[in-house]
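Subject: Structure handover

Hello,

Please find the structure below. My notes on it follow, with the cut-offs given where each term comes up.

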Amino acid sequence: MAETLMHAVQYSRYGGGAAGLKHVEVPIPTPKQDEVLLKLEATSLNPVDWKMQKGLLRPFLPRKFPYIPGTDVAGEVIKVGPGVKNYNAGDKVVAMLSHATGGGLAEFAVAKESLTVARPPEVSAAEGAGLPIAGLTAHQALTQSAGIKLDRSGQQVNLLITAASGGVGQYAVQLAKLGNTHVTATCGARNMDLVKSLGADEVLDYKTPDGAALKSPSGRKYDAVIHCAMGIFWSTFEPNLSANGKVIDITPGPSALMTFALKKLTFSKKQLVPMIMTPKKENLDYLVKLVKEGKLKTVIDSKHPLSKAEDAWAKSIAGHATGKIIVEP
Ligand SMILES: NC(=O)c1ccc[n+]([C@@H]2O[C@H](COP(=O)([O-])OP(=O)(O)OC[C@H]3O[C@@H](n4cnc5c(N)ncnc54)[C@H](OP(=O)(O)O)[C@@H]3O)[C@@H](O)[C@H]2O)c1
């Protein structure tokens, strides 16, 4: 490999799934104003990566082809662009790349300083790379949308977390238990022990009748639902909510958006809240610190070498990951 080329995995059109990914050699990117060049050590996948390839965010993303997917990375700074103040070559970091540029399935990537945080030695590259989208989404849903204070102040909140074994759900359970919460969680039978070990107070197998009905085994009504699964209708949530209960839906489809509008228009006390994560550097920094302190962990589903990125891609599309899928250059 010439010195200025790197191995990367990209796709050049919508569709194609794992078979649509191509291994290529492309120039190592150059950091521009306020950017750092990273030698990547780990990248985690998120469902949005393959949803973009599928064309679900068309015409906004990807902005152009070919596109190197992957936004959640950990690595080492090897060069800084003009204007970078807080990083030097040799620093270990976690970063979230922009969806517009992508770049995570590669040996090197450029990240904005504004979404790059320091990674202490206690936090492995894989643990760090798991955090950006999944961790920030869990954090925002709990603190901003559900109003939970992670310092245990405030009254106890009864929470339901659906798909607690997934990338977002596993962080949501752990973060929720930093606050004053009672957590009911749903997952498949094979992950019930894991989800309990993350701190859930009670766990439901979503394939049983009570699990499908989201019924709390202790009879609680939920003040908030962090809804990380898909395909559950309002009519299933509604009887399980407390008087002012909210469903925070992180994958709102047409039916959820209709419910959102209807509940607003009718001044319903029970609400559906669609949520899109807005990345914030200070929150990513907070999550990395929690991992360092042993208060949060990244459950790792599997690790795949970059040379087999299509296996990781297929695993994410299948929708049965337990925690985060990691690709390592
Ligand atoms: N709004 C935002 O900004 C935002 C940000 C991040 C993610 N998201 C979206 O949030 C969703 C979850 O993301 P993720 O990264 O957590 O996905 P993920 O890691 O792919 O989730 C997979 C997990 O979900 C479990 N699961 C699937 N259906 C379930 C159900 N009905 N009940 C209980 N568990 C179920 C699976 O368990 P089994 O294997 O046992 O089936 C598996 O462990 C995706 O749609 C993603 O696009 C949105």
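This is a predicted model: local features need pLDDT of at least 70, side-chain atom pairs count only at pLDDT 80 or more; totals for chains, interfaces and linings use all residues.

The contact between them takes 6 residues from domain 1 and 6 residues from domain 2, where two residues are in contact if their C-beta atoms, placed from the backbone, lie within 7 Å. On the side of domain 1 that touches domain 2 there are 2 nonpolar, 3 polar and 1 charged residues. For these classes, Ala, Val, Leu, Ile, Met, Phe, Trp, Tyr, Cys and Pro count as nonpolar, Asp, Glu, Lys and Arg as charged, and the others, Gly among them, as polar.

Residues are numbered from 1 along each chain as its sequence is written.

The ligand is surrounded by 30 residues, the closest being Gly-166, Gly-167, Gly-188, Met-277 and His-320 (a residue is near a molecule if its C-beta atom, placed from the backbone, lies within 6 Å of it). This shell has 16 nonpolar, 14 polar and no charged residues. Helix 1 (47-54), helix 3 (132-145), helix 4 (167-176) and strand 9 (181-187) each supply at least two residues of the shell; helices (H or I, at least four residues) and strands (E, at least two) are DSSP runs, numbered from the N terminus. Both domain 1 and domain 2 give residues to the shell around the ligand, so it lies between them.

The largest nonpolar core has 93 residues, and those with the most contacts inside it are Leu-38, Ile-161, Ala-172, Val-173 and Ile-226. Domain 1 and domain 2 both give residues to this core, so it too lies between them. A nonpolar core here is a set of buried Ala, Val, Leu, Ile, Met, Phe, Trp, Tyr and Cys residues joined through C-beta atoms within 7 Å. Not counting residues up to four places away in sequence, Val-173 touches Ile-161, Ala-164, Val-183, Ala-185, Val-195, Leu-198, Gly-199 and Ala-200.

Gly-231 is in the loop between strand 11 (222-227) and helix 7 (234-237). Gly-231 counts as exposed because it has 8 C-beta neighbours inside 10 Å (buried means 20 or more other C-beta atoms within 10 Å of a residue's own, exposed 12 or fewer, partly exposed in between, with C-beta atoms placed from the backbone).

Regards

Notes: Domain bounds come from an automatic or database domain assignment.
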